[in-house]
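Please open the model in your viewer and keep the selection tool at hand.

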Amino acid sequence: MKPPESRPPRLALLLLETLLPVESRDVVVGDLIEAYESRTSQSQFARWLFFWRETLGALAQLQRVPEDAAAFTPYPRESAMQAFLSDVRRAVRTLSRARGFSVLCVASLAIAIAATTAIYSIVNPVVLRSLPYPEAQDLITIYERERDGTPSFTGYSTYEDLRGGTKTLANAAAFGYWQPTLFGSEDAERVTGQVVSWEFFRTLGVRPMIGRDFLESEDTPDTRNVVIIGHGLWMRRFGGDSSIVGKTIDTDGMKRPVIGVMPASFESALLPEAEIWRPLGYSASQPWACRTCRHLQVMARIRPDVTRAQVDRELETLMTRIVADHPDEYASVGVLTCGLQERAIEEARPILLTLFGAALLLLGIATANVVNLQLARAVRRREEFAVRAAL
């Protein structure tokens, strides 16, 4: 058995066996293999180059004649490779004679294809692909429903009641906006972040790349001092220091220990530009944790064996009970749930789909224009085609 490096190129052999006529296939392939094996003094690259050159020459010169039609065909038919090369040469000659026409067609299609591709590259990750979280279809957002049916954010006490009473949700997290100023050896920098309950990253199903996640014991008013930073902030501000975990950073004049760094691919829910997170650290006794202080968003993960309809029914029942227990503190009458994917692209979806539709329309118009130009040119060449058909 020959070693693998002494064999002829497999792709070339496949082309020969596919395109050559049956009656001459074995002879041609056998001769080429014999010539290939006889060139032992040459390098492997030179032998492969020889075999490919002879393969293309054989495909270009040999004529493929169907066995059942050979006796009735006065002139041999072109082989597939010969016909292809002939078409290419004819197309090149035709385009070279009408350069302005060719440039116009190519430019029209190129502009339309470029616009469609550019818009699709934006629409695909934002609208078509799911969010970059495990089982992203099970993530939902929860809002209080106003009397006119519109959604609103939630107060901390309401979130705690819903979280404590549900049996259909695996995890639930509340979060809000945070924009601290970082101080240090470099210039002060204002960064975008979030204050989150301790289950935030567990709800999303992601873990820090370095360090650890928040603990329940850290989500209190007295222990909410720790932070997790994003990969971009870690690289930009701290030079990718792998020993950053355990060190303290100065945010708004307060020293906070860093306990983790998120992966580079992570984007925070509903706030992709977030680069730093700290525990929410609320308690029901705080004035800003009241039921009417509706400044928090709530996100949850549905249990695997539960449907969205079951979640909606349970949350509606819980909210009805909460409103009945505290009638003076609620202007809302129920809850609304929305898939996290739908909520994330809620504002951008109509615009992106409109742009994508416009790009497709542009591509269709460009294609129709090129077809019309080709038809008009074909009408002018009717006499030429008639002579070709007669010949």
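Which backbone oxygen lies 3.5 Å from a polar atom of the side chain of R237? Select R237 and L182: the oxygen belongs to the backbone of L182. The model is predicted, so local features need pLDDT of at least 70 and side-chain atom pairs count only at pLDDT 80 or more, while totals for chains, interfaces and linings use all residues. Residues are numbered from 1 along each chain as its sequence is written, and side-chain values use heavy atoms, with hydrogens and water left out.

Remain at R237, which lies in helix α8 (residues 231-238); helices are DSSP runs (H or I, at least four residues) numbered from the N terminus. R237 counts as buried, at 10% relative accessibility; buried means under 20% relative accessible area, exposed over 50%, and partly exposed in between (1.4 Å probe, protein chains only).

Next, select C290 and C293, which are joined by a disulfide with an S to S distance of 2.0 Å; the term denotes a pair of cysteine sulfur atoms within 2.5 Å. The structure holds one disulfide. The torsion about the S-S bond of C290 and C293 is about 85°, so this disulfide is right-handed. C290 is partly exposed at 21% relative accessible area, and C293 is partly exposed at 22%. Then select C105, which is buried at 8%, and C338, which is buried at 16%.

Finally, select F84, found in helix α4 (residues 80-97).

Key:
Helices (H or I, at least four residues) and strands (E, at least two) are DSSP runs, numbered from the N terminus. A polar contact is a pair of N or O atoms within 3.5 Å; within protein, one must be able to donate a hydrogen and the other to accept it, and residues adjacent in sequence count only if both atoms are side-chain atoms.
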